[in-house]
Amino acid sequence: MAQPASAIKKNDNVVVIGGRDAGKRGRVLRVIPDKGRLIVEGVNFIKRHTKANPQKNIKGGIVEREAALHASNVQLVCPECGAQTRVGRKRLEDGRRVRYCVKCKGVVDK
Ligand SMILES: [Zn+2]
């Protein structure tokens, strides 16, 4: 079953598991929970044609930037064991709810 998009958070390191950029790794720059999508640094570049706007000092031309990926196309890279993994959730003794790596059981959220 696909994990919910909320399993991945901003600044997580992820690996792409589907699509054109499968195998690439990067840091999550932004999560778009409503759409279940996220933007990963250096992944899924698209070319945008922009119009010049001298008032805003924007040059016209082609700009490459990251486009959002569907959250089901990425998996977390565990900061503890380095494996690509799914995350579980648990409550710590101090009451905090954290994500943990299903492979090494290490806590992902510090
Ligand atoms: Zn792990």
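1. Basis. The model is predicted, so that local features need pLDDT of at least 70 and side-chain atom pairs count only at pLDDT 80 or more, whereas totals for chains, interfaces and linings use all residues. Residues are numbered from 1 along each chain as its sequence is written, and side-chain values use heavy atoms, with hydrogens and water left out.

2. Overall form. The chain has 10 strands and zero helices, where helices (H or I, at least four residues) and strands (E, at least two) are DSSP runs numbered from the N terminus. Along the principal axes, the C-alpha atoms fill a box of roughly 55 × 30 × 25 Å.

3. Zinc site. The zinc ion has as protein donors the SG atoms of Cys-78, Cys-81, Cys-101 and Cys-104, lying 2.3 Å from it; donors are N, O and S atoms within 2.8 Å of the metal (3.2 Å for Na, K and Ca), and since water is not among the atoms, sites may look incomplete. The angles among the four donor atoms run from 105 to 117 degrees and the site is tetrahedral, a label given to four donors if all angles lie between 85 and 135 degrees. The donor residues follow the spacing C-x2-C-x19-C-x2-C.

4. Accessibility at the site. Cys-78 is buried at 2% relative accessibility, whereas Cys-104 is partly exposed at 33%; buried means under 20% relative accessible area, exposed over 50% and partly exposed in between (1.4 Å probe, protein chains only). Over the chain, buried residues make up 35% of the 110 residues.

5. Leaving aside neighbours within four places in sequence, Leu-69 is in contact (heavy atoms within 4.5 Å) with residues including Val-16, Leu-38, Asn-44 and Val-74.

6. A polar pair. Gln-75 lies in strand S7 and is buried at 16% relative accessibility. The side chains of Gln-75 and Gln-84 are joined by a polar contact of 3.1 Å, which is a pair of N or O atoms within 3.5 Å, one able to donate a hydrogen and the other to accept it within protein, with residues adjacent in sequence counting only if both atoms are side-chain atoms.

How values were computed
Tetrahedral: all angles 85-135°; square planar, octahedral: opposite > 155°, others 65-115°.
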